[in-house]
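Hello,

Here is the structure I said I would pass on. Please open it first, then read my notes below.

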Amino acid sequence: SWSTGNAELGYGDGGEATVVSYGPSTWNKYITTYFRKSFTVANPALYSALSLQLLRDDGAVVYLNGTEVARSNMPTGTISYTTRASTAISGTGETTYYPFTTSLTLLVNGTNVIAVEIHQSTPLTPDMSFNLSLSASTTATCGTPGSLTATSISTSGATVNWGTVTGATSYNLRYRVTGTSTW
């Protein structure tokens, strides 16, 4: 029953792709707004790093599968829906993405949920902004070409052939004169 929409999410800045409610009163806006997104991971073991980029105005706490993974412009300790952001954000702070590294061990095979709570510094705030990206990196592996052959070898050249490597987009070929160590 959650409303859905594309990011940037928020109100008051004019650049939001999805405008969210600030509550019933312009003089007493909600301190906290909650967001969540499900995504599927087929095999978490394929990834070597997990990072997120967070845009928040004013403060945020981010959870991956129920575990806190990032806190930005928020006080330490227990956070509730009445906890205010540490400071009001304005100017370039409203468009700055803050980087965080996240533990890969939190990813599960199947459905994962990232949840974010955005907190305001005051109920009189004129705007609220939120956007987030979560990126996973893979460890590159280099396949070994098969069926390597060299023909037409002379003092000025050779023809080299090999079997293709699945997924390869280019190859580097190194050579050296027999008996030397410089490639």
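A term to settle first: strands here are DSSP runs of at least two residues, numbered from the N terminus. By that numbering, Y171 is found in the segment after strand 11, which spans 159-161. Please keep in mind that this is a predicted model.

**The surface patch**

Start at Y171. Together with L148, V160, W162 and L173, Y171 forms a nonpolar patch on the surface. The five residues have about 470 Å² of accessible area together. Y171 itself is partly exposed, with a relative accessible area of 35%.

**Aromatic pairs**

How many aromatic pairs does the structure hold? There are three. I describe two of them here.

Another is the pair of W162 and Y171. Here the centres are 5.3 Å apart and the planes are at 65°, so the pair is edge-to-face. W162 has 30% relative accessibility and counts as partly exposed. Both W162 and Y171 also belong to the surface patch above.

**Charges over rings**

The charged end of K29 sits over the ring of Y22, 5.2 Å from the ring centre. R36 lies over the face of W2, with 5.6 Å to the ring centre.

**The salt bridge**

Side chains of opposite charge can pair when their charged atoms come close. A search of the whole structure finds one salt bridge. Which residues form the salt bridge? They are R71 and E68, whose closest N and O atoms are 2.9 Å apart. R71 is partly exposed, with a relative accessible area of 27%. E68 is partly exposed as well, at 35%.

Five of them make an open sheet in the order 2-1-9-4-7, with mixed pairing. Which strands stand at the edges? Strand 2 (18-19) and strand 7 (98-102) do. Each has a single partner strand, so one side of each is left without a neighbour in the sheet.

Look next at strand 1 (residues 9-11). Two bridges join strand 1 to strand 2, and these strands run parallel. L9 has T18 in strand 2 as its bridge partner.

Between strands 1 and 2 there is a loop, and G14 has its place there. Is G14 buried or exposed? G14 is exposed, because its relative accessible area is 70%, and the cut-off for exposed is over 50%. The C-alpha atoms of G14 and D127 are separated by 9.2 Å. Along the chain, G14 and D127 are 113 residues apart.

**Backbone details**

Two peptide bonds deserve a look. The bond from A7 to E8 is cis, with omega near 10°. E8 is found in the segment before strand 1. The bond from D57 to D58 is also cis, with omega near 20°. D58 is in the loop between strand 4 (47-57) and strand 5 (59-64).

Two residues have a positive phi without being glycine: N73, at about 60°, and S147, near 55°. Where are they? N73 lies in the loop between strand 6 (67-72) and strand 7. S147 lies in the loop between strand 9 and strand 10 (149-151). N73 is buried, because its relative accessible area is 16% and buried means under 20%. S147 is exposed, with a relative accessible area of 64%.

**Where to look**

Then find the salt bridge of R71 and E68. After that, turn to the cis bonds, from A7 to E8 and from D57 to D58.

Best wishes

Technical notes: Residues numbered from 1 in each chain as written. Predicted model: local features only at pLDDT ≥ 70, side-chain atom pairs only at ≥ 80, totals over all residues. Heavy atoms only, no water. Patch = residues over 30% accessible without salt bridge, like charges linked within 9 Å, V, L, I, M, F, W, Y side chains within 5 Å. Areas by Shrake-Rupley, 256 points an atom, 1.4 Å probe, with all protein chains shown as cover. Salt bridge = Lys/Arg side-chain N within 4 Å of Asp/Glu carboxyl O. Helix = DSSP H or I, 4+ residues; strand = E, 2+ residues; numbered from the N terminus. Buried < 20%, exposed > 50% of the residue type's maximum accessible area, 1.4 Å probe, protein only. Phe/Tyr/Trp six-rings, centres within 6.5 Å; stacked < 30°, edge-to-face > 60°. Lys NZ or Arg CZ within 6 Å of the ring centre and 35° of its normal. Pairing = 2+ DSSP bridges.
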